[in-house]
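Colleague: I have a model open and would like to go through it with you. Can we start with the overall picture and then look at some details?

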Amino acid sequence: MLRREIPHHEQAGRVIRLSRSLLAPAPLSGSEELTPLLPYQPWTEQMQPLCYWHDEPVALLVEPQAESGWIDGRQWMSELSTAWFSLLSTALQVGAWLENHRFCGRCGTPATKLTAEFAMHCNACGHRNYPRISPCIITLVTSGEAMLLARSPRFPPGRYSTLAGFIEPGSRRKRPSTVKCSRKWAYILTSCVTTRARHGHSPFADVWLFRRGNHSAYSHRWGRD
Ligand SMILES: [Zn+2]
């Protein structure tokens with residue numbers, strides 16, 4: 001169970017090592033499952049106190065380079081039970097923020113990590129950065145028992161997705177999907193992959209693992225708007 005409290009007064013605890021979206025697996029002992037939680041150890045200045053996990057303090061260590069055998073966040077998501085997702089998503093998002101805000105965005109001076117909150121502070125000009133959450137949406141478009149799926153050129157063979165994208169500054173959350181369905185993607189509907197909708201929902205639906213995104217999900221019935 002994750003407790004969203006920064007253990008900034010702790011000196012030791014569990015550690016997650018991360019580089020970009022790759023996380024180091026903990027060494028296996030006996031029949032333990034593979035996890036990204038390294039054994040209890042003293043913390044260093046480079047580590048970011050992150051949270052409590054089953055009442056144990058956890059820190060994040062962002063590394064410049066991943067090592068051989070590190071595992072991508074999406075693969076961790078598919079390997080571990082859903083109970084791990086809150087920890088994984090916290091580590092990935094805070095890790096991405098630390099990697100991307102090492103320097104002040106205003107004056108370029110190296111930024112200083114604060115201890116009691118997630119904040120990168122510039123001692124030269126006073127600018128302060130907090131983890132950014134970019135609003136994005138994903139929309140399931142249905143027409144009877146068919147649903148609209150699309151695929152990116154970077155997807156592996158056989159993978160399709162519902163329609164997703166980031167929200168531009170000033171736009172409303174629900175508006176982009178309506179506009180795209182009505183105008184831009186109308187022609188896709190006749191030639192896209194259609195399949196019978198599977199009932200039930202993903203156990204991961206309420207967890208957004210990926211970096212920097214605040215995800216909202218919608219459904220849209222074709223022809224009703
Ligand atoms: Zn600055």
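Colleague: How many helices and strands does the secondary structure of the protein come to?

Modeller: Four helices and 14 strands. Keep in mind that this is a predicted model.

Colleague: What is the mean pLDDT of the protein?

Modeller: The mean is 79, and 76% of the residues reach 70 or more.

Colleague: Where is confidence lowest, and where is it highest?

Modeller: Helix 4, residues 188–191, is lowest with a mean of 38. Strand 2, residues 12–19, is highest at 97. Over residues 182–208 pLDDT stays under 50, and the model has 28 contacts beyond four places in sequence for that stretch. Where pLDDT is low, the predicted coordinates should not be read in detail.

Colleague: OK, core next. Which residues have the most contacts inside the largest nonpolar core?

Modeller: I16, L18, L23, L50, V58, L60 and A91, in a core of 24 residues. At least two residues each come from strand 2, strand 3, strand 5 (48–53), strand 6 (56–62) and helix 2 (85–100). Helix 2 gives the largest share, seven residues. In soluble globular proteins, nonpolar side chains tend to be buried together.

Colleague: What does L60 touch, leaving out residues up to four places away in sequence?

Modeller: I16, L18, M47, Q48, L50, A91, V94 and G95.

Colleague: And L37, where is that found?

Modeller: L37 sits in the loop between strand 3 (22–23) and strand 4 (38–42).

Colleague: Is L37 buried or exposed, and why?

Modeller: L37 counts as buried because it has 20 C-beta neighbours inside 10 Å, and 20 or more is the cut-off for buried. Leaving out residues up to four places away in sequence, L37 touches R14, I16, A26 and W53. L37 and W53 are 16 residues apart along the chain, with 9.7 Å between their C-alpha atoms.

Colleague: What share of the 225 residues is buried?

Modeller: Buried residues make up 23%.

Colleague: Among contacts between residues at least 6 apart in sequence, what share joins residues at least 24 apart?

Modeller: That share is 65%.

Methods:
Residues are numbered from 1 along each chain as its sequence is written. This is a predicted model: local features need pLDDT of at least 70, side-chain atom pairs count only at pLDDT 80 or more; totals for chains, interfaces and linings use all residues. A residue is buried if 20 or more other C-beta atoms lie within 10 Å of its own, exposed if 12 or fewer, and partly exposed in between; C-beta atoms are placed from the backbone. Two residues are in contact if their C-beta atoms, placed from the backbone, lie within 7 Å. pLDDT is the predictor's confidence in each residue, from 0 to 100. A nonpolar core is a set of buried Ala, Val, Leu, Ile, Met, Phe, Trp, Tyr and Cys residues joined through C-beta atoms within 7 Å.
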